[in-house]
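This report describes selected strands, sheets and contacts of one protein model. Please consult the sequence and the structure alongside the text.

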Amino acid sequence: MAYLSLPRISYSATLGFLLLLFRFLSFNAQQLPNSQSRTLLRLPRLLEYPAALAGWSHDTAFCSLLPSPTLSILCSGNCIVELVIVGDRRAKALSPAFSSASLFTTLTRFPNLTTLSLVALGLWGRLPGKVHRFPSLKVLNLSSNYFAGEIPMEISSMSTLQNLVLAGNSFNGSLPDLKALVTLQELDVSGNRLGPEFPSLSNGLVTLILRNNVFRGTIVGNFRAFDRLRKLDLSSNQFSGWIPPSLFSLPSIHFLDLSNNAIAGQIPGYVSCSTSLGFINIANNRLLGGLPRCMLFNSSSRVVLSSGNCLNAGDLRYQHRVEYCDSAALAAVVPPTNKISGSRSYVNAIFGITSGIIVGAALMGLLIFVVFRRSRAVILHKPTASNSSDADSSTKRTPIGTRHISEATRIETLGLTPYRVFSINELEEATNRFHPSNQTENSSRGQFYKGLLGDGSMVIVNRMKLNPKFSLQNLPQYLDLISKIRHRHLANILGHCIVSSQDDANNTTIIYFVSERVTNGTLRSHLTGKRITNMLHFLLTMHVFQISPHNNITFHSALFTEWRKREMLKWPQRLAAISGIARGIQFLHTVTVPGIFGNNLHMNNILLDKTLTAKINNYSLPILSKNKNSKIGNESPFISVDNRSEMGRIHSVANPERQDIYQLGCILLEVITGKPNETKIEVDTIRSKMHKDSTDSPLYVKEIVDPTIRGTFALDSIRTVIEISLKCVSEDLNQLPSIDDVLWNLQYASQIQDGWASSENLSIQE
């Protein structure tokens, strides 16, 4: 045994000696000029002393520094050719004293740079045009910072650029024309506000990521020429129209994500998929009809995600009704089976498009006319007769605090059922005349009934009394505000009905709000670590147990089988769910002035629809300012049994925004650990364990997370969520992050997870 180990020891010693010798020779061979050393020593001050640059001095041998995950300096020919600095992904924007112009003026003193990577350093401001003053630059990575404004046009002249990564900033406007960058292989501008026009690009790209921007219109470009493209991610934008069939058959394509857009029409049956295409995501669009043969089934070599459309293929439980996609389909021009050629085909195509637009405009005009007539006719519905004077008052618009809804928010409302006015007869029929067996809640928030509309839609009807002190003249404006509170991640209010009693001496007015009923269970029911009581509550709620006239309990095995088959969410699905919750909270906090706070956020009020989209249920209704000059709203139009917050889990609710953040933190903890935290003691216990374990070895994550999700997450992704969740449940309420901070961290975690998942998928394919 000793004889066998001797060569290994000798080999290790020899190798160590050679490495030391190589380092010594490199140090003597690559001494930086004093000018470049002095320039490097300026960087800590310009970047406000990030941890990666700690300890630098005049004696530092920069060319001999060993590379690390946060710092890499490479020298060649006595010049710096690579500079990589990575900061804290949680880093806030640098102070007002920071100047991006000064930083890049300093960096241009390294004219031989081929790689410049400044990631997560809190850089902000506009990206200066002098960024192009690196004649040999091949890699430019400025991701996860706070750069804003337009991307400078000078980038289009960087002819040597191969990788351009500007993800996770706040760039807006159109991308410069990058067609001249024939060497560009990677372009990642995800997580910005770029758009709306589709960019002009070189066909030599290997990776193109435009995810999470505001690009809209049809997907244009001659993609047939992109014969080297391996990864294309256009998800979470506002693309409409049809999908160019050539995208699926690109010779090198491995990864294609078009999800979360408004793409409509049909994918022609003749479309073929490239043999290398291993991942296709067309979920959450407006697609109709069937799928091509190559997308019908998932396999070990190809994963296809198509839920959230109106397709007649695959599992129909995860598809919308055809009506959901019809309006978008009118505007989508489905590509013909044969390629259009010749002037006659061209004229026919133009004629078809024009006819479609005219028909669509006529139908839309008719729809608006009908809705307008109905809304004017039924504003205050009474069992006896309508009040025309009240109806006419609906045309008077006074500001109640509605904020301008951004284009990014509008995309989250696409495809939602239109808001409308219901008749009392519809609601009585839906709820069996408000039979007690259909009542699900009777609390300070009103009486809630489950119902089934004539079109088959399952709804919840909330009956509330209007405060007699509230002016009926303001009611139409308030209801107009309610109609605008619509978001993909809310259990949306579909409409209302108003009944005013003339016989009552107090002139009581009852308002019925009709909300969508989400029936795929709560977020908690899709996690492990549930208690038996939760399971029984679910079974009783879904009528799995029924009591017979002889007091015998009968059991519906089919429903229980369905419950057993319910999918336990893995980390990517959980991350998507909590990101959706955060977007819904951000919408509630900003859609009105004052914002909508105190939203009763707990696991049983987070529902999942059939496409596993998270929706916040039982959120608060907007409140009004006591006077028009006040920004603090504390008056509700409705009568409440008490003014206490039912679900607040922090001692003081003086700041209801922080209450929502704290409760969101509790949700994040349960999603990570799979363990319910119903009391403050349970929250404190989990928080203390996370704080303690986070100071131990990197393996602490495996001890914290739900065993069900092990092996499905990128380590840095779940660490990011752990860190922001601990901030959300901090005992120091002044340290709680804003919802924007929470959402930024969740989006950052999603970027890490997507990169990890795509690399895993590509490695399987290869």
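## Terms and basis

A residue is called buried when its relative accessible area is under 20%, exposed when it is over 50%, and partly exposed in between (1.4 Å probe, protein chains only). Helices (H or I, at least four residues) and strands (E, at least two) are DSSP runs, numbered from the N terminus.

The model is predicted: local features need pLDDT of at least 70, side-chain atom pairs count only at pLDDT 80 or more, and totals for chains, interfaces and linings use all residues. Residues are numbered from 1 along each chain as its sequence is written, and side-chain values use heavy atoms, with hydrogens and water left out.

## Strand 23 and its two partners

Strand 23 (residues 446–452) is mostly covered, with 5 of its 7 residues buried. Two strands are said to pair if DSSP finds at least two bridges between them. On this basis, strand 23 pairs with strand 22 (residues 439–443) in the antiparallel sense over 4 bridges. Asn442 has Gln447 in strand 23 as its bridge partner, and 2 residues lie between the two strands of this hairpin.

Strand 23 also runs antiparallel to strand 24 (residues 458–465), to which 6 bridges join it. Here Tyr449 stands opposite Val461 in strand 24. These two strands form a hairpin with 5 residues between them, and in the turn Gly456 has a positive phi of about 95 degrees.

An open sheet with mixed pairing is built from 11 strands in the order 1-2-3-5-7-9-11-13-15-17-19. Strand 1 (71–76) and strand 19 (303–305) stand at the edges with a single partner strand each, so one side of each has no neighbour in the sheet.

Val86 stands opposite Val119 in strand 3.

Strand 18 (residues 286–289) pairs with strand 20 over 2 bridges, and Leu288 has Cys310 in strand 20 as its bridge partner.

Ser306 is found in the loop between strand 19 and strand 20 (310–311). At 15% relative accessibility, Ser306 counts as buried. Not counting residues up to four places away in sequence, Ser306 is in contact (heavy atoms within 4.5 Å) with Ile282, Ala283, Leu291, Leu311 and Gln319.
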